Amino acid sequence: MSSYIAVDPDKCIGCKTCEAACADSHRKAGMQRRHRLIFVSNRGVSTMVTCHHCTDAPCANVCPVEALKVLEGVVRIDEQRCIGCKLCAIACPYGAIEPSGTSIAGVAGVMYRTPASPATQSPLISWEIGVAPTAVKCDLCQGAAGKPQCVENCLSGALRLVTDEEIRREVRYRNVESARACEATMSTSWNERR
């Protein structure tokens, strides 16, 4: 088990403040300036898709250059090593990896948009002249700010960091509740047979 960002869609207001905080903290750390959360809105429900930091991460398993590695329970990417093959984005069961790149002009602070693919096109097949794609995914801000900036800056409290300890407590609670329900069912069934 590992820590990850959990999202409560009932609390999410779709303000995208988390995206801005994420992108800004990584940009300041010298990493790709793209946010590491993926905003999804459908039928009035808005939420964020984030990396679940899988123990046996499919994205890391398919990476041909070992740019993705599980380190201390966090799936981390070495952006300098990534060759932009996009296999990790295809392998991720959550859709939490998007290829992205920052043009040289964007790194310098002045961004001149070059002709690119339509906004509705999948990031897996889109491209931009002069920009090498790099896998971009949540690293729980370990490479940037030390603690998840999306959680720190969420205006509605929809995001929270779920740790291993919280997961263990929840599993234990559900086990006990399941045992109680089973016991109640068995005692009711036993009494009916008499």
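This is a predicted model: local features need pLDDT of at least 70, side-chain atom pairs count only at pLDDT 80 or more; totals for chains, interfaces and linings use all residues.
The cysteines were examined for sulfur–sulfur bonds. A disulfide is a covalent bond between the sulfur atoms of two cysteines. The structure holds zero disulfides. For Cys-15, the closest cysteine sulfur is that of Cys-18, at a distance of 6.3 Å, which is too far for a bond. The cut-off applied to such a pair is 2.5 Å. Cys-59 is likewise in no disulfide, and the nearest cysteine sulfur to that of Cys-59 belongs to Cys-51, 6.0 Å away. Cys-15 has a relative accessible area of 39% and is partly exposed, whereas Cys-59, at 6%, is buried. The value for Cys-59 falls in the buried class because that class covers residues under 20% relative accessible area.

Charged side chains were considered next. Side chains of opposite charge can pair when their charged atoms come close. In the model, nine salt bridges are present. Among them is the pair formed by Glu-165 and Arg-168, with 3.7 Å between the closest N and O atoms. Both of these residues belong to helix α6, which spans residues 164–193. Glu-165 and Arg-168 are three residues apart, about one turn of the helix. Each is partly exposed: the relative accessible area is 41% for Glu-165 and 46% for Arg-168.

Helix α6 also contains Glu-170 and Arg-174, which are four residues apart, again about one turn of the helix. Their side chains meet in a salt bridge with an N to O distance of 2.6 Å. Glu-170 is partly exposed, with 37% relative accessibility, while Arg-174 is exposed, with a relative accessible area of 55%. Arg-174 is assigned to the exposed class because its value lies over the 50% limit.

How values were computed:
Residues are numbered from 1 along each chain as its sequence is written. Side-chain values use heavy atoms; hydrogens and water are left out. Buried means under 20% relative accessible area, exposed over 50%, partly exposed in between (1.4 Å probe, protein chains only). A salt bridge is a side-chain nitrogen of Lys or Arg within 4 Å of a carboxyl oxygen of Asp or Glu. Helices (H or I, at least four residues) and strands (E, at least two) are DSSP runs, numbered from the N terminus.
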